[in-house]
Amino acid sequence: MTLVSAATELQHPIGPHTVEEWRNAEHPSDGGRLELIWGYFHVSPPPGGPHQYATGALYRALWDAVRAAGRKDLHPVLAVGVEITTALRTALIPDVAVLNRPPTEVSYPAEALELVVEVWSPGNTSRERETKVAAYAAAGVPYLWTVEQRVRGRMEYRAYELVGGVHKERVCGAGDDVLVDVPGPVALTLVCADLDPER
């Protein structure tokens with residue numbers, strides 16, 4: 001198995017590994033993540049505290065919103081494998097996802113996704129981020145949320161909606177912002193301070 005760290009730039013358009021190989025590969029047991037990006041395996045270290053705190057806050061907010069809306073067809077989940085595209089040999093593990101089917105499988109096709117959340121860590125390169133965002137758009141994922149840690153742990157949140165095959169930014173917030181009617185599969189109000197472990 002050829003491993004490429006998250007910080008390594010891709011040297012070739014399509015690498016040697018397939019989604020099937022990713023599905024059957026031995027994934028890290030220490031909390032790290034093995035993803036397949038353009039045919040190359042990428043191993044990321046276990047996420048740190050601020051990353052996990054923001055992930056937990058968004059998962060909880062989505063869980064509560066789905067339950068409040070009575071949407072039994074939607075299922076928020078943490079860090080599940082998603083088979084984005086076989087042709088481009090890409091399989092990702094978003095930090096949070098909202099599925100439109102019961103979470104009973106090991107991994108899911110892209111059409112099972114209503115929303116994905118990526119909490120960017122400092123080690124995520126701009127190329128890796130752009131590739132993931134483009135992959136989610138190409139796969140037709142309706143909504144994408146991103147969170148990025150800024151100065152002094154401040155978390156910056158952005159919500160995107162798929163329009164014409166491209167994710168368009170609809171909402172941005174940080175600090176003490178309270179965002180009402182955040183774009184997503186259910187109505188949601190997000191308190192940005194809830195994403196920061198020091199707030």
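Modeller: Helices here are DSSP runs of H or I with at least four residues, and strands are runs of E with at least two. By that count the protein chain, which is a predicted model, holds three helices and 14 strands.

Colleague: Why is the protein chain called as compact as a globular protein of that length?

Modeller: The globule rule gives 16 Å for 199 residues, and the radius of gyration of the chain is 16 Å, close to that value; therefore the description applies. Along the principal axes, the C-alpha trace spans about 45 × 40 × 35 Å.

Colleague: What share of the residues in the protein chain is buried?

Modeller: Buried residues make up 49% of the 199, the cut-off being under 20% relative accessible area. As for the surface, the chain exposes about 9,600 Å², of which carbon and sulfur atoms supply 52%.

Colleague: Why is Pro 197 called partly exposed?

Modeller: Its relative accessible area is 39%. Buried requires under 20% and exposed over 50%, so a value in between is called partly exposed; Pro 197 therefore belongs to that class.

Colleague: Where is Pro 197 found, and which residues does Pro 197 touch?

Modeller: Pro 197 lies in the segment after strand 14 (190-191). Leaving aside residues up to four places away in sequence, Pro 197 touches Pro 50 and Tyr 53, where a contact requires heavy atoms within 4.5 Å. Val 166 is 31 residues from Pro 197 in sequence, and their C-alpha atoms are 32 Å apart in space.

Notes. Residues numbered from 1 in each chain as written. Predicted model: local features only at pLDDT ≥ 70, side-chain atom pairs only at ≥ 80, totals over all residues. Heavy atoms only, no water. Rg over C-alpha atoms; globule rule 2.2 N^0.38 Å. Buried < 20%, exposed > 50% of the residue type's maximum accessible area, 1.4 Å probe, protein only. Areas by Shrake-Rupley, 256 points an atom, 1.4 Å probe, with all protein chains shown as cover.
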